[in-house]
Amino acid sequence: MKARSMKAAAALAGAMVSMALVATGCSSADTPADKPAVTEITFWSWLRASQEVVDAFNKTHTDVQVKFEQVPGGPDGYGKFANAVKAGNAPDVMTAEYYMLPDMVSQGQLQDLTGSAGELVRSKFPAPVQSLVTLGGKTWSVPLDAGAMVMFYRKDLFDKYGIAVPKTWDEFRTAAERVKAANPKARIADWVKDDPSLLTSLSWQGGAKWFSVQGDAWKVDLSGGETSKVAAYWQDMLDKDLVAVVSPDEKTQKQKNSELLVTLTGAWGAGGLRGGLPDQAGKWASAPLPHWGTPASAMMGGSSFGVAKTSTKTEAALKFITWMNTTPEGIQARLSSGASSTLPAIPELAEVAKKNFDTAFFGGQDLYAVAGESAAAIVPGWTWGPAMGSTNAALREGYAQVGAGKAKLADVLGTAQGRTVDDLKSRGINVAQ
């Protein structure tokens, strides 16, 4: 009887301890049961100030937290993402430049966001920007910036050499000749030998349409009339040694030596100039891109953010993307560090960007007025193809030959045309003849 009494007492004591622990757990504010659920998502990007954006988001949100990983831009970054999707360990949020989005979609790497973000894109973004992330009537990503091309130039050196800011490509060539004559080591601009983005964007500005859809097939035209005009112009500039054929590192060194007067790039390039050439503060300015007779521009770069096909956290991912791309706080976080000079794709947020990017490096010039003018002049109707990875690879390989004087741009474009068509057919994509 005594043994049974002791067992009963022990059981009663254990029950009381258990009840006390439960009661303590229910009353404590520090236990996981009372904390709000936190969803952690991962984010890959190479864009400037991404870490600052993530830090600002994490400080102001308790239900979603973002883990950021810096990845390389270009083919290396996209290749890493493609492999991660196949392996099932891709990030939740991935950077998708407009030119690569169709390729990523055709490879099945991204989620269809029509039901979750389609209305957001339709209601917030101008139609030309919407078209860049809407494929097959479906929304695949949320835009960040417009990527409008401008001409950054060394105002002090233009003044020194007595050169007026060129408004047309004919004037640009004349200015190039004057620069070379005034300083044999200097050139008006560079031709990066492994980067096809300049020729691509300038073809867009010239009215070319490399890709279009005809019925259920893609039409590919990398060497048509408008492109051939642009290619012939730059081939002549190369043949006459009026531009510097350089690697990215060589370009930077020539800029530091005041041997390059112009860079033709997206409005986002202001942040890179300011960060990379601090000793040249006050010497740079921005102007619209030279044109062929009528003011016109195009995009170079320009980014959006999509959700990986393998992600199970779409709602949290879109909460972060929406804050990052569509709110004043998100834009402020990206630009206030000075590393990024992004032109937001939502027009009303340009004023937020203007207030948060210090333009002292550019003599206080209103860079966003120039960028806005350029954005309004972007030639409509451009479509990115579904195999830009292959297209760019072919162009990049050919560029090395062009830079060495062993090939012509027209030949490189023809080769890229053939390889692009072959790649599309190998994927089972119809190509118009």
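This is a predicted model: local features need pLDDT of at least 70, side-chain atom pairs count only at pLDDT 80 or more; totals for chains, interfaces and linings use all residues.

Residues are numbered from 1 along each chain as its sequence is written, and side-chain values use heavy atoms, with hydrogens and water left out.

**Stop 1: aromatic pairs**

Searching the whole structure gives 25 aromatic pairs. Rings of Phe, Tyr and Trp (its six-membered ring) pair if their centres lie within 6.5 Å; planes under 30 degrees apart are stacked, over 60 edge-to-face, and the rest tilted.

Select Tyr153 and Phe158. Their ring centres are 5.0 Å apart and their planes are at 50°, so this pair is tilted. Are these residues buried or exposed? Tyr153 is buried at 9% relative accessibility, and Phe158 is buried at 1%. Buried means under 20% relative accessible area, exposed over 50%, and partly exposed in between (1.4 Å probe, protein chains only).

Next, select Trp169 and Phe172. This pair is edge-to-face, with 5.2 Å from centre to centre and 75° between the planes. Both residues belong to helix H8 (residues 169-182), where they are three residues apart, about one turn of the helix. Helices (H or I, at least four residues) and strands (E, at least two) are DSSP runs, numbered from the N terminus. Trp169 is buried, with 1% relative accessibility, and Phe172 is buried with 0%.

**Stop 2: a ring cluster**

Select Trp46, Tyr78, Tyr99, Trp204, Trp210, Trp382 and Trp384; ring pairs link these residues into a cluster.

**Stop 3: charges over rings**

Select Lys80 with Trp44: Lys80 lies over the face of the ring, 5.0 Å from its centre. Then select Arg274, which lies over the face of Phe357 at 5.0 Å from the ring centre. A charge sits over a ring if NZ of Lys or CZ of Arg is within 6 Å of the ring centre and within 35 degrees of the ring normal.

**Stop 4: His291**

Select His291, in the loop between strand S13 (284-288) and strand S14 (303-307). His291 is buried, at 11% relative accessible area. Which backbone nitrogens lie by a polar atom of its side chain? That of Gly293 is 2.9 Å away, and that of Thr294 is 3.2 Å away.

Leaving aside neighbours within four places in sequence, His291 is in contact (heavy atoms within 4.5 Å) with Lys167, Thr168, Trp169, Gln205 and Ala296.

Note on methods:
A polar contact is a pair of N or O atoms within 3.5 Å; within protein, one must be able to donate a hydrogen and the other to accept it, and residues adjacent in sequence count only if both atoms are side-chain atoms.
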